[in-house]
Amino acid sequence: MIELHDVVVSAGEFRVGPVSFTVDAGGWTTLTGPAGAGKTTLLEAIAGVRRVDGGRLLLRGRDLTHAAPDERGVGIVYQHGLLFPHLNATGNMTYGTRDSASATALAERFGAAPLAGRSVSTLSGGERQLVALVRALARQPDVLLLDEPFGALDPARRSATGIELQTLQRETGMTVLHVTHDRAEASALGSRHLAMQAGVVNERIETMRRARLVRRAADAEGEYLEVEVDGGLVRVPVQEGDAS
Amino acid sequence: MTRRRTHVMATVLTIGASCLLLALLLWPMVALQWRAGLTGVRLLASDAELRSALALTASTATIVTLVTVLLGTPLAWLLARNRIPAPALVNAALELPLLVPHPVVGIALLLAFGRASAAGQALASIGVALTGSRWGIAAAMLVVSAPLYVSAAREAISRVDPRQEMVARTLGDSMSRAVWRVTLPQARRGLLAAGIVMWARAVSEFGAIVILTYNPRVASVLSYDRFTTNGLDGALPVAAVLVLLALVPLALLRGLRAPSSADADANA
Amino acid sequence: MRPVFVTMLLPLLIVACRGGSSAPADTLVVSEAASLSTPFRAILDTFARRTGAVVQVENGASLELARRITDLHRVPDVIALADEEVFPERLVPAHVRWYARFARNRMVIAWTDRSRHAEDMDSTRWREILLSGDVIVGRPDPRVAPAGYRALLMYELAEQYYGEPELAARLAARTPPGNVRGSATELAALLAAGEMDYIVEYESVARAQGFRFLSLPAAIDLGDPGRGAEYARAVVRVGRSDSASGVGTDSISERRGAPILYGVGVPNAARHPEMGRRFIALVLSEEGRRMLRAAKVDALAVPEIVGDSTSRAP
């Protein structure tokens, strides 16, 4: 679905690449790595927001290296939302689509319905992320790029949103590329995992292939994830640098 | 020096300097209105020549401003987004008319578009003459005031995060649609202010206009005319009325800066 | 803080110390019509050399120069105009008690090599060319400049001289409002830029600007002081013909033809009147007349003093 061949992207003085990897259609792929590695830059290059300086980028088998963002059919959700301040929440969410009914339905699904009509400046960080998510989803893109989209949400909301999005992804067959530095979350949501280090992207060992995150909770022993694997429930403790 | 004395001295200097500057700016205007303001307003009723001069000035300035907004806003956007290949050259082209003495601007326009020039002859073939016509007034007004608009518009647009345009594009907008739906609404107040500044500048122009068009007379030319024929008593009321006319855009500007909240109108 | 303070105050102190009156003791301030600039230069230089005075010159249109005295109270030591008409009209006696007529001027038709039909222009064909549909003729605004109504008077005299009925009206109509200009300088600039083909102006202006010009018959060009009675047969009405204004002092007035003479005088409120008188003495002297003629100004052999002067040239 998404293929990068020796892609080089410049962001000011910072240069990412050459990077090569592929993302298969219809799956949820995560991309982890330390801060400053260039993950956001790569996402922007795939969305067409940032210019590619070298290499080739293919989407759906077509070379769209220099195609305009509005020709790519790719949605992107930024870490800080990047909402339009002159529109209210509803204006933002319905921006990309004429079908306001489906946008409203999506808003309800992701718990953003109460935010309708609120002005952007009154929204909290987490609320902005929800609005940004609905805004991108409203266009029903077949490729969705997520850049740390849940970071400002409280834990309960974070897991619920993740689950809901995962469900939606399965329903629509949307291809998701999810950048996060939360390994546990990556493991729980994604079916394929890429790791980025010093500008190089490698496949991470695929584990928990068919895992599905049920919820994230904490008890006396610490935080843990409740995950459904192969039909059964498993409890996975969350630890720093968890790679399992 | 102790901190407190420094502070006091700084305050005194600041207030003193501000008062001095404000006095220098306001006093002549007050003196003008005191001497001739009432006469000028009364003249409006009886003096058809004055009325038509004011109407000509205001209408031509308005048309020129609208044209500049149309032509200059895209240029301002290109400049703000650094999409101009030789920005230094373009900026110089924009700033030059502001630095050149006004009669020289008029003469330069003559050289470029006058009867004796190639461009002028082309214009003549479609019935447009630069001198002695409203076209001359418009051309002079445009050259001296359009740079003000483009600069200010560029500033207003650059204050809007360009990434928002990009986000809009990922949501399906072409570049121009994105600018129209996202950037311009947010730059709206700055653009409006820029237009008003430009209009005020166009209305007050004299030197560049008079070279090209003496008849029909704009208000500034009329006031100079009245000075020559009627002396101060003839010129001051016209000048006073012109100043009052200029208060209109000032009032509009103030209305813009009034507390309209910086956030969302519910439009999409 | 202190160094900043001192640095701020220092320039102010320097400026204050250097200040003082803008003109040192021996000064001559001359207000002259623009077309007199070249002819007077030699005389002013000579004067400056002989007396050691510093000469400051201001140029402008005649009416504007008069207004500076009457309304703005910026009074020069000498005021010199290419058409004496403004003196009796605006300045005498309240602002200038006496002045001297010292040279002749006349109305001419000026053009450049770029003008249409320039090769055909001569004393027999000028009317035909000016009346033809494809030339642009400019003249000064009669309400604002004496040259304006002088031009119209010349048209009137031409109509009588050539015996062509309606000539004056037709010639006047050949200059629509757009080509009527407030000052000689503007007309000259437009002619030089090719915006106009022909302008009707003083000979002094045509010479000063280096234009080609046509001398007209003495009977019509208002240039012969001996033809005062002849010229007086022409009359034009000047007023606000293009608006229905009820304003103030410039209602419709009649102008009669009269010879055009250069005038120079010392305003009553001049700050250096003695200097002014000495300068005028130089202008009126044999030497001054020679310098004027060298600059193509038709100096009168015997200048006339008009008005009440209690002291003449020393």
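**Salt bridges in a predicted model**

Trainee: What does Arg50(A) count as: buried, partly exposed or exposed?

Mentor: Arg50(A) counts as partly exposed, at 29% relative accessibility. Buried means under 20% relative accessible area, exposed over 50%, and partly exposed in between, with a 1.4 Å probe and protein chains only. This is a predicted model, in which local features need pLDDT of at least 70, side-chain atom pairs count only at pLDDT 80 or more, and totals for chains, interfaces and linings use all residues; side-chain values use heavy atoms, without hydrogens and water. Residues are numbered from 1 along each chain as its sequence is written, while chains are lettered from A and ligands numbered from 1 in the order in which they are written.

Trainee: Which residue forms a salt bridge with Arg50(A)?

Mentor: Glu44(A) does, with the closest N and O atoms 2.7 Å apart. A salt bridge is a side-chain nitrogen of Lys or Arg within 4 Å of a carboxyl oxygen of Asp or Glu. Glu44(A) counts as buried, at 5% relative accessibility.

Trainee: And in chain B, what is the partner of Asp173(B)?

Mentor: Arg177(B), at 3.2 Å between the closest N and O atoms. Asp173(B) is buried at 2%, whereas Arg177(B) is partly exposed at 45%.

Trainee: Turning to chain C, where do Glu64(C) and Arg68(C) lie?

Mentor: They lie 4 residues apart in helix H3 (residues 62-70), so about one helical turn separates them. Helices are DSSP runs (H or I, at least four residues), numbered from the N terminus.

Conventions. Helices (H or I, at least four residues) and strands (E, at least two) are DSSP runs, numbered from the N terminus.
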